[in-house]
Amino acid sequence: MPMSQPDLEAVLREGFPDATIEIEDLAGDGDHYKARIVSKAFAGLPRVRQHQLVYAALKGKMGGELHALALETSAPA
């Protein structure tokens with residue numbers, strides 16, 4: 001069963017409570033999303049490590065409930 005946009009946002013907010021999060025459903029199917037996450041947790045980290053933190057916050061949902069997630073991550077300016 002696909003993950004709803006509110007559920008995805010809730011999981012990401014749990015992992016990054018300080019973050020500004022924008023989620024876009026790319027295909028309208030609840031299975032392909034794009035997320036923009038701006039969090040202090042990403043400060044000084046390379047992009048690969050930032051994305052690893054996001055995948056860790058998803059707690060194994062990637063590849064199961066969530067099929068595809070395009071990520072844009074950054075620290076606040």
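User: Why is the pairing of E72 and K34 called a salt bridge?

Analyst: The term stands for a side-chain nitrogen of Lys or Arg within 4 Å of a carboxyl oxygen of Asp or Glu. The side chains of E72 and K34 meet at 3.0 Å, N to O, which is within 4 Å, so the pair is a salt bridge. E72 belongs to strand β3 (residues 68-74) and K34 to strand β2, so the pair ties together parts 38 residues apart in sequence. This is a predicted model, in which local features need pLDDT of at least 70 and side-chain atom pairs count only at pLDDT 80 or more, while totals for chains, interfaces and linings use all residues. Residues are numbered from 1 along each chain as its sequence is written, and side-chain values use heavy atoms, with hydrogens and water left out.

User: What makes R36 and E22 a salt bridge?

Analyst: Their closest N and O atoms are 3.5 Å apart, and the limit is 4 Å, so the pair counts. The two residues come from distant parts of the chain, R36 from strand β2 (residues 32-38) and E22 from strand β1 (residues 20-25), 14 residues apart. The structure holds six salt bridges, and E22, K34, R36 and E72 are linked in a network of them. Side chains of opposite charge can pair when their charged atoms come close.

User: Why does the pair E65 and K61 count as a salt bridge?

Analyst: The N to O distance is 3.9 Å. That value is within 4 Å, so the pair qualifies.

User: How do you know whether Q50 is buried or exposed?

Analyst: Its relative accessible area is 6%. That is under 20%, so Q50 is buried. Of the 77 residues of the protein chain, 30% count as buried.

User: What does the side chain of Q50 reach, and which residues is Q50 in contact with?

Analyst: Q50 lies in helix α2 (residues 47-57). Its side chain reaches the backbone oxygen of L45 at 2.8 Å. A polar contact is a pair of N or O atoms within 3.5 Å; within protein, one must be able to donate a hydrogen and the other to accept it, and residues adjacent in sequence count only if both atoms are side-chain atoms. Leaving aside neighbours within four places in sequence, Q50 is in contact (heavy atoms within 4.5 Å) with F42, L45, T73 and S74.

User: How many helices and strands are there, and what makes a run of residues count as one?

Analyst: The protein chain has two helices and three strands. Helices (H or I, at least four residues) and strands (E, at least two) are DSSP runs, numbered from the N terminus. The elements follow the order α-β-β-α-β from the N terminus on.

User: Why are β1 and β3 said to stand at the edges?

Analyst: The three strands form an open sheet in the order β1-β2-β3, with mixed pairing. β1 and β3 each have a single partner strand, so one side of each is left without a neighbour in the sheet. Neighbouring strands are turned by 15° against each other on average, direction ignored.

User: Why does the radius of gyration of the protein chain agree with a compact globule?

Analyst: The radius is taken over C-alpha atoms, and the globule rule is 2.2 Å times the number of residues to the power 0.38. For 77 residues the rule gives a value near 11 Å, and the protein chain has 12 Å, which agrees.

Conventions. Buried means under 20% relative accessible area, exposed over 50%, partly exposed in between (1.4 Å probe, protein chains only). Two strands pair if DSSP finds at least two bridges between them. Axes are lines fitted to C-alpha atoms, for helices over the stretch in contact, and angles run from 0 to 180 degrees between N-to-C directions.
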